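Dear colleague,

Please find the structure below, handed over for your study. My notes on what was found in it follow directly after.

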There are 2 protein chains.
Amino acid sequence: MPSLRDLGEFEVLRRLAAARPTPAGTRVDAGDDAAVLRAQPGRDLVVTTDAFVEGRHYPAAVLAPAVLGARLALANLSDLAAMAASPRWALLSMGVRPEHDADDLVRLEAGLAAALSAEGAGIVGGNLAGVEGPEWFSLTLIGEVEPGRAWTRSGARPGDLIGVTGSPGRAAAGLRLLRQIGDASTVEDLVPVVDAWRSPACRVRAALDLARIGGATAAIDISDGFSGDLARLCEASGVGAQIDATAWPPDASLERAAGRLGVSVEELRFGPGDDYELLLALDPAEWSAQAQHPGVTIVGRFTEAPGVLTIRTADGGERALPAGGFDHFGG
Amino acid sequence: MPSLRDLGEFEVLRRLAAARPTPAGTRVDAGDDAAVLRAQPGRDLVVTTDAFVEGRHYPAAVLAPAVLGARLALANLSDLAAMAASPRWALLSMGVRPEHDADDLVRLEAGLAAALSAEGAGIVGGNLAGVEGPEWFSLTLIGEVEPGRAWTRSGARPGDLIGVTGSPGRAAAGLRLLRQIGDASTVEDLVPVVDAWRSPACRVRAALDLARIGGATAAIDISDGFSGDLARLCEASGVGAQIDATAWPPDASLERAAGRLGVSVEELRFGPGDDYELLLALDPAEWSAQAQHPGVTIVGRFTEAPGVLTIRTADGGERALPAGGFDHFGG
């Protein structure tokens with residue numbers, strides 16, 4: 001278990017580079033001053049960056065290095081999924097303590113590279129800096145999309161359906177369980193919600209399938225929480241939204257987790273959380289006319305009232321949607 | 001002077017985005033899940049990432065925010081210069097304390113954006129995370145180059161000339177002066193070396209000019225120190241190098257700084273330091289036959305002895321080149 005201090009920066013970088021596959025379209029790899037990449041002719045680039053800070057975005061020592069790496073990949077892949085883009089290349093910038101186990105760092109990058117590789121992407125460069133305080137890992141992900149085919153947040157129209165992938169709320173439940181009861185959260189009936197936070201599903205393929213099917217008018221990933229990100233999409237599109245409380249698929253794991261945590265399913269589902277799921281605006285005529293994607297649940301409809309978000313309950317009543325997303329500096 | 005905690009993450013991101021120009025070729029800006037960019041047809045991409053950590057890469061409170069931002073831009077621009085690439089787009093990932101002044105953060109990003117803009121590039125996205133320990137700023141820079149025209153580290157041949165831009169050693173002297181005597185380092189006769197560290201010159205245009213002229217067979221930036229980076233280029237190319245001690249241009253500022261610090265000019269020139277200058281391998285026939293670039297000094301020649309780096313002194317003697325570059329985890 002040599003530390004980074006034992007090996008030195010350049011030897012660590014050499015080991016990291018040797019342990020990962022070189023993705024397609026790479027002309028010059030990370031061993032030079034910069035990487036040289038060849039995109040497919042005629043494609044636009046789609047770029048995003050997201051970072052995890054120890055203690056803030058992940059409780060120290062709860063995640064195995066490879067799982068943390070995969071999760072960072074997923075956070076960035078989710079942004080490209082929300083643009084209907086194909087992931088290609090990534091750069092990993094890290095701040096790690098000198099006593100960090102070099103083998104653990106190789107495992108972290110291997111987990112990250114494997115998660116990228118499953119979606120056709122890979123690491124082509126990075127930076128390794130020493131820190132004394134909390135460690136951090138910042139990924140930049142580059143993808144491609146056909147010109148004019150990227151989804152944005154601004155295309156939703158009144159009457160469009162609101163679709164969502166997965167079962168939002170699980171990640172928030174999983175993280176709370178990990179924080180409150182630690183290892184006990186691996187008891188069998190709670191594994192799905194803990195895994196939803198720890199090892200989220202990737203929605204890139206669902207997004208690319210949906211983009212082929214057509215009918216999506218806008219998209220956002222709900223990595224800050226369903227209500228907060230729905231509000232952002234509504235703001236960008238100049239519309240409102242009405243959510244149907246009865247339209248959500250039953251989720252026994254989420255209900256059990258809510259019971260265990262002493263909170264409502266709604267608080268988990270609509271409040272702050274980092275589900276890497278997609279929220280979509282779908283043209284209702286196109287959606288009903290064609291092969292509907294099985295991974296998408298229709299949970300409401302966009303309305304003409306800008307910024308007004310409501311929820312219609314089983315008894316026919318309508319009230320304001322519980323609001324709020326995650327703010328890294330808020331209380 | 002509102003803090004990030006006062007304003008919240010999304011308002012800070014909004015202010016940052018509003019304060020910066022949108023670079024050419026941007027189809028969808030940072031307000032969405034990802035940015036959409038259009039490269040020039042037929043160009044390869046060149047990508048790099050470099051980060052500054054408070055206390056490690058810059059002494060806290062020595063640099064004004066705009067100067068720190070510009071310096072981070074320069075560190076990344078230098079990597080693209082070493083590939084003869086044209087900078088286009090950047091993403092800034094940051095870890096900042098909640099009590100950080102939001103206006104200072106806007107100033108930092110403005111300084112960064114201005115330095116990029118001077119070279120035809122701009123910021124298209126980023127990420128803002130909260131940290132409790134040292135702050136950090138990680139930039140990813142994307143550029144373009146004609147296919148097959150990027151310089152690498154591996155093309156130097158025995159007999160090629162060794163060229164260098166600027167006057168290596170100044171940055172190391174400047175940082176040491178700032179650390180040892182603080183404000184006194186702004187005394188007039190030392191300003192050039194302090195500025196070489198604080199506000200380095202950008203070599204992107206020199207690189208693009210040289211690429212047009214032709215004759216360069218390899219390049220590297222010497223951001224870890226002349227000897228260390230020369231050794232890396234020699235390793236990648238399978239060659240050695242002989243430096244001519246008498247070939248360097250006189251540098252009165254560097255000599256004054258060395259005297260003040262009680263070290264030799266050679267220690268500053270060849271040792272660890274972060275000059276963002278270019279080290280080039282140049283075909284001797286092409287170099288002598290054509291318009292030579294005025295910003296490049298020929299300081300030696302590559303040899304057939306792999307990994308052997310020597311310096312030839314004024315008295316005709318030859319000895320090993322003082323070695324070593326900066327290691328972020330080394331002693």
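In chain A, helix H2 (residues 9-18) packs against helix H4 (residues 102-117) at an angle of about 35°, and their axes lie 10 Å apart. Here axes are lines fitted to C-alpha atoms, for helices over the stretch in contact, and angles run from 0 to 180 degrees between N-to-C directions. Helices (H or I, at least four residues) are DSSP runs, numbered from the N terminus. The crossing of H2(A) and H4(A) is right-handed; a crossing is called right-handed if the near helix is turned clockwise from the far one by less than a right angle, and left-handed if anticlockwise. H2(A) contributes Val12(A), Arg15(A) and Leu16(A) to the contact, while H4(A) contributes Asp103(A), Leu105(A), Val106(A) and Glu109(A). Contact means heavy atoms within 4.5 Å. Sorted by class, this contact of H2(A) with H4(A) holds four nonpolar, no polar and three charged residues. In that scheme Ala, Val, Leu, Ile, Met, Phe, Trp, Tyr, Cys and Pro count as nonpolar, Asp, Glu, Lys and Arg as charged, and the others, Gly among them, as polar.

The model is a predicted one: local features need pLDDT of at least 70, side-chain atom pairs count only at pLDDT 80 or more, and totals for chains, interfaces and linings use all residues. Residues are numbered from 1 along each chain as its sequence is written, chains are lettered from A and ligands numbered from 1 in the order in which they are written, and side-chain values use heavy atoms, with hydrogens and water left out.

In chain B, helix H3 (residues 65-81) and H4(B) pack at an angle of about 40°, with axes 7 Å apart. H3(B) passes H4(B) in a right-handed crossing. Among the residues in this contact are Leu68(B) and Leu72(B) of H3(B), and Leu108(B) and Leu112(B) of H4(B). The contact of H3(B) with H4(B) divides into 12 nonpolar, two polar and two charged residues.

How are the two chains related? A rotation of 180° with 0.0 Å of shift along its axis superposes chain A on chain B, with an RMSD of 0.0 Å. That is the relation of a two-fold axis. The superposition is by least squares on the C-alpha atoms of residues with pLDDT of at least 70 in both copies. Of the residues of chain A, Gly133(A) comes closest to the rotation axis, at 2.4 Å (C-alpha).

Turning to the interface, 67 residues of chain A are in contact with 66 residues of chain B. Because 99% of the interface residues of chain A are also interface residues in chain B, the copies meet through the same surface. The area buried between chain A and chain B is about 5,200 Å², and carbon and sulfur atoms give 58% of it. Buried area is the accessible area (1.4 Å probe) that two parts lose on being put together, summed over both.

There are 10 salt bridges between chain A and chain B. A salt bridge is a side-chain nitrogen of Lys or Arg within 4 Å of a carboxyl oxygen of Asp or Glu. Asp33(A) forms one with Arg153(B), the closest N and O atoms being 3.3 Å apart. Another joins the side chains of Glu235(B) and Arg14(A) (3.6 Å, N to O). This pair crosses between chains, from helix H8 (residues 226-237) of chain B to helix H2 of chain A.

Yours sincerely

How values were computed
Helix = DSSP H or I, 4+ residues; strand = E, 2+ residues; numbered from the N terminus.
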